[in-house]
Amino acid sequence: MAHIECSGIVKSYGAHPVIDGLNLMIPDHEFVVFLGPSGCGKSTMLRMIAGLEEVTAGRISIGGADVTNRHPGQRGVAMVFQSYALYPHMTVADNITFGLRRAGVPGPEIDRRLGEVARMLGLEPMLNRKPKAMSGGQQQRVAMARAMIKTPKVFLFDEPLSNLDAKLREKLRTEIRKMHNSLKTTTIFVTHDQLEAMTIADRIVLMRAGAIEQQGTPDEIFDRPATRFVADFIGSPSMNFRLGRIERGAAVAGSVRIPLPPGRFAVAEGQEVELGLRPTRMERVSPGAEGAITGRVSLIENMGAEGQIIAEVDGADMSFVTRDFRGLSIGDPVSFALSPDHLHIFDRATGRSCLA
Amino acid sequence: MTRQRFILLTLAPALTVLGLLAAVSTAGAVWFSLMNRVLGSPDYEFVGLYNYLRLLRDKRFFNALEISLIWELITVAGTLVVAVLLAVLVHETVKRALWRNLICFAFLAPVLLPRVAAAFIWRFLYSPSLGLLNWIVGEAGLGPVEFLANPSLALVSVAVVDIWQWGLFFTVILVKLLETMPRDPIEAAMLDNARTWQIHAYVTLPMLKGPLISLALVKAVESLRSFDLIFVMTGGGPGTATETLDLYAYQSGINLGGRVSYASAMSILLLIVTTVAFTLIWRASRKWSR
């Protein structure tokens with residue numbers, strides 16, 4: 001087990017740097033998720049830590065040892081790929097034990113460890129099967145067993161659940177998290193799915209265009225997004241944004257007027273800002289209540305326990321989520337309000353949060 | 001029904017040509033093999049299976065059978081070994097696309113040469129007095145080597161030419177196959193601490209088992225048709241050291257006594273042996289490649 005330290009990481013293809021001077025510290029035992037839109041450099045970062053991609057400049061150390069120029073097999077890392085990357089001509093047992101056999105681990109020891117991981121992942125009945133005779137979920141379990149059996153210092157997951165259907169994804173996500181809770185191995189998990197990141201991570205590293213946009217616990221990222229980009233990327237349904245300005249202690253955007261809790265925001269009177277309102281932090285209120293936003297229902301999405309209402313406010317859509325949606329129909333007037341502690345204000349020019 | 005008719009219609013031209021060319025000549029050969037015709041005389045009579053029975057007592061025939069078998073083994077195995085080793089070497093050492101393409105182009109050149117041209121080039125290279133190879137061997141102090149006149153070297157020396165042509169060609173095919181392989185299992189093997197040669201021995205080449213078996217079969221069929229190469233380089237000699245079945249059939253049917261019936265019997269036997277052998281190999285290979 002080990003902490004990971006990346007300092008001044010640069011990766012360029014030709015003259016064009018995709019990652020430019022990235023610094024990151026991952027403490028021992030932590031489950032970190034690299035999250036971001038495709039092309040943000042999260043997979044490249046992971047592959048550089050694995051040693052599958054060369055680092056143009058900078059240093060990577062695992063457990064205090066500089067591994068920047070070490071062969072992938074010598075870094076003490078194990079990786080699970082999106083495509084599973086199983087050896088198609090080998091049986092499940094051979095797939096799992098390939099690494100141990102390369103490392104010269106004695107036969108009885110290999111058998112013991114194989115039995116252990118196979119039991120843990122429920123692979124015992126299929127040890128003699130070939131990968132192509134198995135479902136995607138089973139194949140990904142084999143890939144996880146292949147990583148676990150090596151008892152690595154670090155687990156790396158490169159979008160391991162993206163090729164699975166929604167139900168299976170949820171199940172394996174839980175299994176991966178449980179596995180981490182019992183093994184406590186430092187883990188980096190790459191995904192573009194913000195919900196997956198929120199549910200599984202100790203800490204999220206949100207990346208954008210080769211740089212870290214924000215890092216923090218899922219709660220910090222969700223409730224205190226540092227930039228408009230983070231606020232927009234995290235949360236489903238996604239945040240409503242309105243251009244507005246600060247007027248007499250309130251944030252005003254058209255007919256929307258939300259009083260500012262004193263001391264919460266570092267804003268000046270008359271400042272041009274962008275308001276962010278999370279649909280899940282809004283609720284229906286009686287018309288005329290403090291901070292009420294009034295609009296006309298243009299669409300109702302039934303999500304079972306809750307409904308997402310899309311209302312037309314000042315000629316643009318604004319959505320919010322409520323349990324109390326069944327009485328509404330399209331065209332009805334509706335009033336709703338944001339719970340006052342959950343307003344987000346971003347500087348219009350820089351996109352940075354104005355939280356004090 | 002329309003699909004079946006479509007299949008029949010599209011197959012018909014090829015089958016007609018094959019029927020005219022192959023069936024007629026094969027039937028002719030069977031017919032000839034039952035007579036005692038010779039080129040020198042118009043007289044002949046029906047002799048039944050006499051020619052076949054005589055073949056079974058012909059030591060030179062069994063020698064030719066043995067040479068054919070050795071020729072098949074050396075050329076097929078040699079081609080594949082050379083192709084695999086060279087392809088892995090190129091794949092691992094030449095990373096720039098431009099150099100790779102140039103190398104592939106150069107490797108394609110030998111197989112584009114007509115067999116006879118290749119044979120003459122190598123006969124010259126092998127020449128004891130004028131050849132480049134003997135000059136090199138001479139500089140190394142090993143004296144002139146009779147590559148084509150030494151009975152124990154001749155067959156291998158000719159096989160080298162065949163492997164030079166086909167091994168390099170198959171190298172190009174394998175380089176391209178290695179390029180199109182999925183990267184992930186290779187990267188997984190790197191993380192499993194496999195060395196480069198282990199990655200190829202345990203991961204990439206087993207993944208290419210199907211194509212490798214197909215290449216081996218193609219080469220095996222191709223090796224049966226090496227008459228022109230051997231004929232130009234050694235003519236089957238020295239003695240009968242490089243005389244394969246097709247060479248012996250030619251020698252006895254056209255060149256020497258002109259015993260066309262005897263040669264026809266030999267060809268028919270060769271046809272039967274190869275058909276049976278390839279059917280068995282084909283069946284087995286389908287099982288292996290699974």
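Visitor: How many residues of chain B are in contact with chain A?

Guide: 15 residues of chain B are in contact with 22 residues of chain A, where contact means heavy atoms within 4.5 Å. Do keep in mind that this is a predicted model, in which local features need pLDDT of at least 70 and side-chain atom pairs count only at pLDDT 80 or more, while totals for chains, interfaces and linings use all residues. Residues are numbered from 1 along each chain as its sequence is written, chains are lettered from A and ligands numbered from 1 in the order in which they are written, and side-chain values use heavy atoms, with hydrogens and water left out.

Visitor: What makes up the area buried between chain B and chain A?

Guide: Buried area is the accessible area (1.4 Å probe) that two parts lose on being put together, summed over both. Here that comes to about 1,700 Å², with carbon and sulfur atoms giving 60%. On the chain B side, Leu191(B), Asp192(B) and Asn193(B) lose the most area to chain A, together 39% of what that side buries.

Visitor: Which helix gives the most to the side of chain B that touches chain A?

Guide: Helix H8 (183-191) and helix H9 (196-207) of chain B each supply at least two residues of that side. H8(B) gives the most, with seven residues.

Visitor: How do you know whether Arg113(A) is buried or exposed?

Guide: Buried means under 20% relative accessible area, exposed over 50%, and partly exposed in between (1.4 Å probe, protein chains only). Arg113(A) has 14% relative accessibility, so it counts as buried. Its salt-bridge partner is Glu109(A), at 3.3 Å from N to O; Glu109(A), at 26%, is partly exposed. Both residues lie in helix H3 (residues 107-121) of chain A, four residues apart, about one turn of the helix.

Visitor: Why are Arg112(A) and Glu116(A) separated by about one helical turn?

Guide: They are four residues apart in helix H3 of chain A, which means about one helical turn between them. Arg112(A) is partly exposed at 46%, and Glu116(A) is partly exposed at 39%.

Visitor: What makes Ile96(A) and Leu206(A) stand out in the largest nonpolar core?

Guide: A nonpolar core is a set of buried Ala, Val, Leu, Ile, Met, Phe, Trp, Tyr and Cys residues joined through side-chain atoms within 4.5 Å. Of the 46 residues in the largest one, Ile96(A) and Leu206(A) touch the most other members. Helix H4 (residues 136-148) of chain A gives the most to this core, with six residues. A second, separate core of 42 residues includes Ile9(A), Val77(A), Met79(A) and Ala189(B).

Note on methods
A salt bridge is a side-chain nitrogen of Lys or Arg within 4 Å of a carboxyl oxygen of Asp or Glu.
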